[in-house]
Amino acid sequence: MLRLKISIMKKIIFAVSALVFLVACSTVPITGRQQLKLIPSDTILTMSNDSYKEFLLKNKAVYNTEEALMVSKVGKKIANAVEKYLAQNNLSDIVKDYKWEFNLIEDKSVNAWAMPGGKVVVYTGILPVVKNETGLAVVLGHEISHVIANHGDERMSQMLVAELGGVALDVALSKQYGKTNQLFMAAYGIGAQIGVLLPYSRLQETEADRLGLIFMALAGYDPRAAVVFWKEMSEKHKGKQPPAFLSTHPSDATRINGIETFIPEAMHYYKK
């Protein structure tokens with residue numbers, strides 16, 4: 001009887017999920033993949049801005065140092081490349097309400113993340129790993145690509161269905177805002193202190209790898225450096241507890257091989 005009930009429940013959840021997907025489906029920019037998107041863009045931007053402000057109040061930002069200026073410089077070049085690429089593909093609406101911010105945070109964690117609205121954070125702990133502007137461009141291009149492809153929104157939408165059982169979005173936001181906000185924080189990997197970081201799927205990682213290479217190439221950084229970066233990250237943490245950055249961005253031979261296949265495409269956008 002219990003197995004029967006579980007089976008019925010699974011079928012119901014699947015049916016609800018399928019219905020939700022049909023009525024709330026969107027297209028990933030550039031790649032054309034269909035994805036679940038339950039949350040309106042203006043709602044996501046509001047949550048992003050609020051969460052970013054709260055994060056900056058609770059964490060120490062570094063200003064006017066050589067490293068902070070590098071983060072700002074590379075970040076702005078990547079942002080300009082993103083806007084240029086989207087304009088060329090008639091997709092400028094994606095970032096029309098973005099107000100880019102790039103902050104270096106004093107924290108030993110090897111991590112970096114980006115949120116909708118152009119809100120980006122780099123931890124000081126990742127600087128020895130990226131080593132220079134080009135290495136940082138690999139990281140920022142990849143992180144910003146997750147945002148442009150709406151991967152966090154997609155993960156949060158999937159979790160809303162799983163965690164709240166298909167509860168209407170307006171009900172989730174009004175009556176379960178705490179849970180919804182936690183899902184947002186986890187979906188975008190905000191802060192190393194978050195208890196659960198939702199890993200990106202292999203498909204999302206592949207999309208971010210491809211777009212990240214294009215964006216860094218358009219910004220004037222050699223995309224071939226991405227292969228070197230991920231190989232070093234993989235070797236450095238082999239057999240060890242990976243840092244937060246790698247816990248949500250698995251680095252292995254299969255992935256590196258995938259990146260290598262995207263290099264020829266990205267090189268078309270690269271001008272020294």
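**Salt bridge exercises**

Let's start with Glu 106: this residue is partly exposed, at 47% relative accessible area (buried means under 20%, exposed over 50%, partly exposed in between, with a 1.4 Å probe and protein chains only). You're looking at a predicted model, where local features need pLDDT of at least 70, side-chain atom pairs count only at pLDDT 80 or more, and totals for chains, interfaces and linings use all residues. Residues are numbered from 1 along each chain as its sequence is written, and side-chain values use heavy atoms, leaving out hydrogens and water.

**Exercise 1.** Find which residue forms a salt bridge with Glu 106, and work out which parts the pair ties together.

*Solution.*
- Step 1: Recall that a salt bridge is a side-chain nitrogen of Lys or Arg within 4 Å of a carboxyl oxygen of Asp or Glu.
- Step 2: The partner is Lys 60, with the closest N and O atoms 3.8 Å apart.
- Step 3: Glu 106 sits in the loop between strands E4 (101-105) and E5 (112-115), and Lys 60 in the loop between helix H2 (41-58) and strand E3 (61-62), so the pair ties together parts 46 residues apart in sequence. Helices (H or I, at least four residues) and strands (E, at least two) are DSSP runs, numbered from the N terminus.
- Step 4: Lys 60 is exposed, at 54%.

**Exercise 2.** Describe the salt bridge between Lys 73 and Glu 133.

*Solution.*
- Step 1: Their side chains meet at 3.0 Å, N to O.
- Step 2: Lys 73 belongs to helix H3 (residues 66-88) and Glu 133 to helix H5 (residues 133-148), 60 residues apart, linking distant parts of the chain.
- Step 3: Lys 73 is partly exposed at 42% relative accessibility, and Glu 133 is partly exposed at 24%.
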